[in-house]
Amino acid sequence: MAEGGDNNSVYQLAAETASLEEQLQGWGEVILMTDKVLRWERAWFPLALMSVVSFSFLMIYYLDPSVLSGVSCFVMFLCLADYLVPALAPRIFGSNKWTTEQQQRFHEICSNLVKSRRRLVGWWKRLFTLKEEKPKMYFMTMLFSLAVVAWIGQQVHNLFLTYLIVSFLLLFPGLNQHGIITKYVGMAKREINKLLKHKEKKNE
């Protein structure tokens, strides 16, 4: 029974991936180029990435648009990109000349996006399951988490906080690809284990 469920899940994942590939086909070359930048395939990519992000946030700080103006400009930019990129990308990049390696990488990216979407939906469902099964824990956890977020938002300027979050999210794939996150997480675990062992010896 479990095997049948696993097979259905695999087929569903493959179908969702194929559907997403079809939807993003016009963005293929742009997605592959963005993937290279985010994974730091060249040494100067992180610097270029942070320069663009910093310049963008400096412009927002300088222009100081209202929330409505900012949202309108952002959505307008997305609409223009959605219209122009599929039309111009084949002429600029020549998407009809994809190699097998590029097609495989595009498939992997789409598959990872589908898996990420599934994880988000899974976390959302677990949150509501917690609300139904353990309402007190749910409300205490939500209140504490939101209070911490509100306190951080009060201490740090909202634009600077957004800049830090966006920078981290854009740098994360490269940090992960080059093993930097794994390295520092491992170091942190070792330090915590040392502290715990030291505490146990003291207690003895």
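Which residue forms a salt bridge with Lys 194, and how far apart are the closest N and O atoms?

Analyst: The partner is Glu 191, and the closest N and O atoms of the pair are 3.9 Å apart. A salt bridge here means a side-chain nitrogen of Lys or Arg within 4 Å of a carboxyl oxygen of Asp or Glu. Before going on, keep in mind that this is a predicted model: local features need pLDDT of at least 70 and side-chain atom pairs count only at pLDDT 80 or more, while totals for chains, interfaces and linings use all residues. Residues are numbered from 1 along each chain as its sequence is written, and side-chain values use heavy atoms, with hydrogens and water left out.

Back to your pair. Lys 194 and Glu 191 both sit in helix α8 (residues 180-203), three residues apart, which is about one turn of the helix. Helices are DSSP runs (H or I, at least four residues), as are strands (E, at least two), numbered from the N terminus. Lys 194 is exposed at 52% relative accessible area, whereas Glu 191 is partly exposed at 46%. For those labels, buried is under 20% relative accessible area, exposed is over 50%, and partly exposed is in between (1.4 Å probe, protein chains only).

There is a salt-bridge network too: bridges that share partners link Asp 35, Arg 39, Glu 41, Arg 105 and Glu 108 into one. One of its contacts is Asp 35 with Arg 39, at 2.9 Å from N to O. The whole structure holds seven salt bridges.

Next, the backbone. Most residues other than glycine have a negative phi. Trp 40 has a positive one, about 55°, in the loop between α2 (28-38) and α3 (45-63), and this Trp 40 is buried at 14% relative accessible area. Asp 64 has a positive phi as well, near 50°, in the loop between α3 and α4 (67-93), but Asp 64 is exposed at 61%.

What about disulfides? The count is zero, taking a disulfide as a pair of cysteine sulfur atoms within 2.5 Å. The sulfur of Cys 73 has its closest cysteine sulfur in Cys 79, 12 Å away, so it is too far for a bond. Cys 73 is partly exposed at 45% relative accessibility.

Finally, the record. An unreviewed UniProt entry annotates residues 43-63, 69-89, 137-154 and 160-181 as "transmembrane region"; positions follow the numbering used here, feature names are shortened, and such annotations may be inferred rather than shown by experiment. Residues 69-89 are 100% helix and 0% strand, with end C-alpha atoms 29 Å apart. For residues 160-181 the chain is 91% helix and 0% strand, with 23 Å between the end C-alpha atoms.
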